[in-house]
Amino acid sequence: MNDYRGKDSSGHNDNLGYHYGEGFSMRSVEDYRKQRKPSQPINLTRKSLALIIVLCLVVSALAGFGGAAIGNSIFGNDSSASQGSPKKIGASNSGYTLEDATGSNMTVQEITAAAKSSVVEIKTESVTSDVWMQQYVTEGAGSGVIISEDGYILTNNHVITGAGKITVTTSDGREHEAKLIGADSMTDVAVLKVDANNLTPATYGNSDQLAVGDLAVAIGNPLGELGGTVTAGIISALDRELVIDGQTMNLLQTDSSINPGNSGGGLFNGDGQLIGIVVAKSSGSDVEGLGFAIPINTAADVAQQLMDKGFVSGQPSTGMTYTEESSGGDSFDMFFGGGGGYSGLYIYSVDGKNAKKAGFKSGDQVYAVDDVVISTFEELSSIITAHDVGDKITYTIVRNGRTMDISFRLEEKTAN
C-alpha cells in the first residue's frame with residue numbers, strides 16, 4: 001500500500017500533514033478513492049456467536065465477584081447484619097458495639113445474667129431525736145453485693161450509718177433482716193450478714209489490672225426503688241483522688257449512670273467480675289457521667305478484716321466523737337452548758353485512753369489542729385487521716401470562753 005504521509009525533500013516523515021515538495025505529485029481525491037478496495041463483510045457462524053456470548057457472561061461474572069470482594073474488604077463481611085441478626089461479639093474489630101469497642105469478652109446481657117443475682121437492695125430505718133427530744137423514724141436506701149453463699153454482703157458505710165434496722169432484698173424478691181458485722185468510715189466499706197444459704201456471690205476481679213476504656217457495668221437500686229437497674233459505660237479514670245465526707249479516697253471513675261441508691265452496688269467488668277463498689281456520683285445541673293467506685297482490691301481487703309476482727313488495722317484515731325454546730329450554738333448550749341454561742345466543731349464524747357488522759361471534755365470546741373484552723377469534721381478528718389498511729393498532734397480548743405492547747409498521740413482505730 002502506498003504511504004500517503006508527507007515527506008520532506010530529504011525523505012523524512014513529517015507528521016504535520018501533506019506537503020507540496022520535491023519528489024511528490026498532486027493526485028485528486030477521486031483518483032485515491034478509485035484505488036481503494038471495498039471492505040469485506042465479517043461473517044460469524046452460530047458457533048462463533050455462541051462462543052462470544054459465553055465469554056461475555058464469564059467476564060461479567062468475574063467482574064461481579066471481584067466487586068463483591070472489594071466491597072467486603074472495605075465494608076467488612078457481616079452477612080448476619082444484612083439479615084437483621086445481632087453481630088457476634090469478637091467477630092471483628094469494627095467497634096459496632098460497646099462490647100467490641102472495649103474488648104469485652106461478654107455482652108452486657110451476659111454480664112447481667114451472670115451478676116444480677118449477686119446484687120441486693122438495702123433499706124434502713126433510723127430513730128432520730130430533734131432538739132426537743134422528740135423521736136422520729138427516717139428511712140434510707142442503697143445497694144449491696146453478696147460475697148459469700150452463706151449471706152455476707154458488701155456495701156458502703158454511709159448506707160447503713162446510724163441504722164437501727166437493716167433489711168436486705170435479694171434479686172428473687174425475698175426479704176432478710178441483716179446484722180451489721182463491721183464498718184469502716186475511712187474507706188466507706190461495711191459488711192452485713194443475713195441468715196440465708198445457697199446465695200449467689202459475685203466473682204472478684206482484679207481492679208489493679210483495669211485500663212481506661214474497659215467496659216464497666218453498674219447494677220444497683222437507684223432512687224431506692226428501682227432494684228436491679230443495669231447501666232453500662234466505661235472506666236473513665238483510675239486512682240482518682242477525691243475527698244468525700246472528710247475522707248481522702250482513691251477511686252475508679254466511670255461514665256456508667258449512677259444515682260442515689262446505687263451506693264454499695266456492684267461495678268462489673270467485661271468478664272462479669274466485680275471490680276468495684278459504687279460509692280458516689282458528682283451532682284449538679286451541669287454534671288453528667290461522673291460516677292465513682294471503690295476498687296474491689298481495696299474493698300475486699302477491708303471486708304475481710306471486718307469479718308475477721310471487726311476493724312481495719314493501721315488506721316489512726318483521736319478516740320473522740322464530734323458534732324458540728326452551725327446555727328449559732330443555741331441547741332448545743334442547751335445540752336453542754338454553754339459554749340458562748342460559738343459555731344463550729346465540738347467534741348461530743350471522749351472514749352480513747354489517750355484523749356482521756358490528755359484532759360479533753362465533752363463540749364470542748366475544736367478551734368485548730370496543729371495550728372490549722374478548722375470548723376468542720378471534714379477538715380479535721382483530712383488532717384487526722386494524713387497521720388499515722390502514734391503520731392503526736394496538738395488541738396487548740398475553746399472551753400468556757402478560754403483557749404488552750406492540748407497535745408496527745410493518735411491511737412489505732414478499733415471500731416467504726
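Modeller: Let's start with D364 and R399, which form a salt bridge in this predicted model, with their closest N and O atoms 2.7 Å apart. This pair links distant parts of the chain: D364 sits in the loop between helix 9 (353-358) and strand 16 (365-369), while R399 belongs to strand 18 (residues 392-399), 35 residues apart. Both D364 and R399 are buried.

A search of the whole structure turns up three salt bridges. As a reminder, side chains of opposite charge can pair when their charged atoms come close.

Another of them joins K413 to D184, where the closest N and O atoms are 3.7 Å apart. K413 comes in the segment after strand 20 (411-412) and D184 is in strand 5, so this bridge ties together parts that are 229 residues apart in sequence. Here, too, both partners are buried, K413 as well as D184.

Then there's R174 with D172, whose side chains meet in a salt bridge at 2.9 Å, N to O. R174 has a relative accessibility of 42%, so it counts as partly exposed.

Strand 4 (residues 165-169) and strand 5 (residues 175-184) pair in the antiparallel sense over three bridges, with V168 opposite H176 of strand 5. Five residues lie between the two strands in this hairpin, and G173 takes a positive phi near 90°.

Strand 5, the one that holds D184, also pairs with strand 6, again antiparallel, over six bridges. L180 stands opposite L192 of strand 6. The hairpin of strand 5 and strand 6 has four residues between the strands, and D188 has its positive phi there. The angle is about 60°, although D188 is not a glycine. That's worth a glance because most residues other than glycine have a negative phi. D188 is at 8% relative accessibility, below the 20% limit, so D188 counts as buried.

D371 also has a positive phi, about 70°, without being a glycine. D371 lies in the loop between strand 16 and strand 17 (372-373). With 75% relative accessibility, D371 counts as exposed.

The largest nonpolar core has 30 residues, and L154, F268, I277 and I294 touch the most other members. Strand 6 (189-194) is among the elements that each supply at least two residues of this core, together with others including helix 5 (108-115), strand 9 (247-254) and strand 11 (274-281). Helix 7 gives the largest share, six residues.

Leaving out residues up to four places away in sequence, F268 touches I111, A115, S118, V119, A202, L215, A216, V217, I219, Q273, L274 and I275. Apart from this core lies another, of 19 residues, among them M320, L345, F360 and L380.

Terms used
Residues numbered from 1 in each chain as written. Predicted model: local features only at pLDDT ≥ 70, side-chain atom pairs only at ≥ 80, totals over all residues. Heavy atoms only, no water. Core = buried A, V, L, I, M, F, W, Y, C linked by side-chain atoms within 4.5 Å. Buried < 20%, exposed > 50% of the residue type's maximum accessible area, 1.4 Å probe, protein only. Contact = heavy atoms within 4.5 Å. Pairing = 2+ DSSP bridges. Salt bridge = Lys/Arg side-chain N within 4 Å of Asp/Glu carboxyl O.
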